[in-house]
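Welcome! Have a look at the sequence and the model, then try each task before reading on.

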Amino acid sequence: MSGSGRKASTQFVCGACAAIFPRWMGRCTSCNAWNTLVEEVAPKRSASAGPGGAARPGGPTAARPLAEIDGRDASMRIQTGIGELDRVLGGGAVLGGVTLVGGDPGVGKSTLLLQALAGLVRGGHRALYVSGEESAGQIAARARRLGCPEDGELLVLADGDLGSVERAIEETRPSAVVIDSVQTVRSADLESAAGTVAQLREVAARMVDRAKRERVAAFLVGHVTKDGALAGPKVLEHLVDTVLAFEGERGHAFRTLRAQKNRYGSATEVGVFEMSGEGLVEVKSPSALFLAERPAHAPGSVICATSEGTRPMLVEVQALVSAFSNGSGRRTANGVDGSRLALLLAVLDRKAGLAFGACDVFVNIAGGLRIDEPAVDLAVALSLASSLRDRAVPSDLVAFGEIGLAGEVRSVPRTAARLAEAAQMGFRRAIVPRSGRADAHGKAPLEVLPVRTLAEALELIG
Ligand code: TYD
Ligand code: MG
């Protein structure tokens, strides 16, 4: 990077300690971290503003009494009409809010957001789709294939220049804008190439500013790196209001949309879609989808009633314990956390006398789903025991509960919703944490088997 000819309007900020420098250096002289300095546009200083743009002392204050502030104003929402997306957003997109949608290349981010804009247009809104990746012709062809209304106000801009994007927003005044992707849009104020950390920050910061000022619901598409992290620093996630992860396993048609951060709603909500020839289709009953291929009477298969977010969902936990290992046993976890699996194996060993020693252990959530909530612990532990003993658990049984280090089964939220979903799907028994309240399951729609410990649960499945 050459310093000559640089416009005076940029500075370098350390990503670790936020110290500001006029020039790039390999090491921050303030906190001594290496390679943390990132170029950014220096804030303009007007005569009336002090450092950082704060109002001059003695000037009028912007602070107002709570009673005078209209809270509804801050959360005006527009609905895309795609129920799974609106729910994950917290009830629709917030005008003035910025949502980052991250996912692997090819997972369907462009498809999802084009469909979302089409839904908004159908609802009478104007929407702007900006692509730095595809030509307007390609986007139009895809939009037609997805059934976007031809007569509505869906505007397309194939341009990677941030200034042009801002002008387009100003001139067309859409209710929603999609930037596809944040890595391919570039500000001419910075010398760095598109997709660099400096550009990502600048694009995101200016879009946040623009969205707030013009009351546009903005969506930024972000590609993720191989290890699943959003390309660019965490600071991108801090800049935006909502972060959604769009995920899918290779070879599976269904996709999950998960809130990772949401200033305007719950950050635990999960939406489920299936990729079809006509774009993404909502899966309104995921339990049926995830249980469709469950093998009958197979050891190692246990159904868990999960509830990530507000919607309960039944998933099949599969374990395979293979005694013929060469060397120290392998542990493979798909869809559940690997360190959680290690913990459960240790608890099974010490509290229930089930030793997995040198066995190879595989745990999988059928269908390629990922379950983050600890309520899946009990089903994972039971599936491991079932596979080790080579005895199937009853097929009309579901289980849920968090497992603690002492082997205790701890309560989890939304028990009633989980039980209702299990009953609805035809299950007749549920192993659940024993609640403090004696009559907690009095009106349960199926037989409830409360347990205090993992050992008690293991006795129930024999
Ligand atoms: P895309 O939305 O381009 O993914 P991303 O923007 O995350 O990179 O979708 C990519 C895949 O989806 C592509 O392999 C084709 C497939 N697809 C369908 O199966 N059906 C469709 O209707 C569309 C538009 C795409
Ligand atoms: Mg794309």
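Helices (H or I, at least four residues) and strands (E, at least two) are DSSP runs, numbered from the N terminus. This is a predicted model, in which local features need pLDDT of at least 70 and side-chain atom pairs count only at pLDDT 80 or more, while totals for chains, interfaces and linings use all residues. Residues are numbered from 1 along each chain as its sequence is written, chains are lettered from A and ligands numbered from 1 in the order in which they are written, and side-chain values use heavy atoms, with hydrogens and water left out.

**Exercise 1.** Find which elements each supply at least two residues of the shell around ligand 1.

Solution. 
- Start with the shell: 16 residues surround ligand 1, a residue being near if one of its heavy atoms lies within 4 Å.
- Next, the elements: helix H2 (109-122), helix H3 (136-145) and strand E13 (270-276) each give at least two residues.
- H2 contributes the most, with three residues.

**Exercise 2.** Describe the polar contacts (pairs of N or O atoms within 3.5 Å) that ligand 1 makes with Gly106, Ser110 and Thr111.

Solution. 
- At Gly106, a polar backbone atom is 2.7 Å from an oxygen atom of ligand 1.
- At Ser110, an N or O atom of the side chain is 2.7 Å from a ligand oxygen atom.
- At Thr111, a polar side-chain atom lies 2.5 Å from an oxygen atom of the ligand.
- Now the cover: ligand 1 exposes 550 Å² when taken alone, and the protein buries 73% of that (Shrake-Rupley method, 1.4 Å probe).

**Exercise 3.** Work out which residues lie closest to the centre of the largest cavity.

Solution. 
- A cavity is a set of points on a 1 Å grid over the protein atoms alone where a 1.4 Å probe fits but cannot get out; lining residues have an atom within 4 Å of a point.
- The structure holds one cavity of 30 Å³ or more, and the largest has a volume of about 60 Å³, meaning the space filled by probe spheres set on the points.
- Of its 13 lining residues, Leu89, Ala93, Val94, Thr99 and Thr242 are the closest to the centre.
- Strand E10 (217-223) is one of the strands supplying at least two lining residues; E10 gives the most, with three.

**Exercise 4.** Explain what the pair of Phe246 and Phe273 ties together.

Solution. 
- Rings of Phe, Tyr and Trp (its six-membered ring) pair if their centres lie within 6.5 Å; planes under 30 degrees apart are stacked, over 60 edge-to-face and the rest tilted.
- Phe246 and Phe273 are edge-to-face, 6.0 Å centre to centre with 80 degrees between the planes.
- Phe246 lies in strand E11 (residues 242-247) and Phe273 in strand E13, so the pair ties together parts 27 residues apart in sequence.

How values were computed:
A polar contact is a pair of N or O atoms within 3.5 Å; within protein, one must be able to donate a hydrogen and the other to accept it, and residues adjacent in sequence count only if both atoms are side-chain atoms. On a 1 Å grid over the protein atoms alone, a cavity is a set of points where a 1.4 Å probe fits but cannot get out, and a pocket is an open set with protein on both sides within 12 Å along at least five of seven lines; lining residues have an atom within 4 Å of a point.
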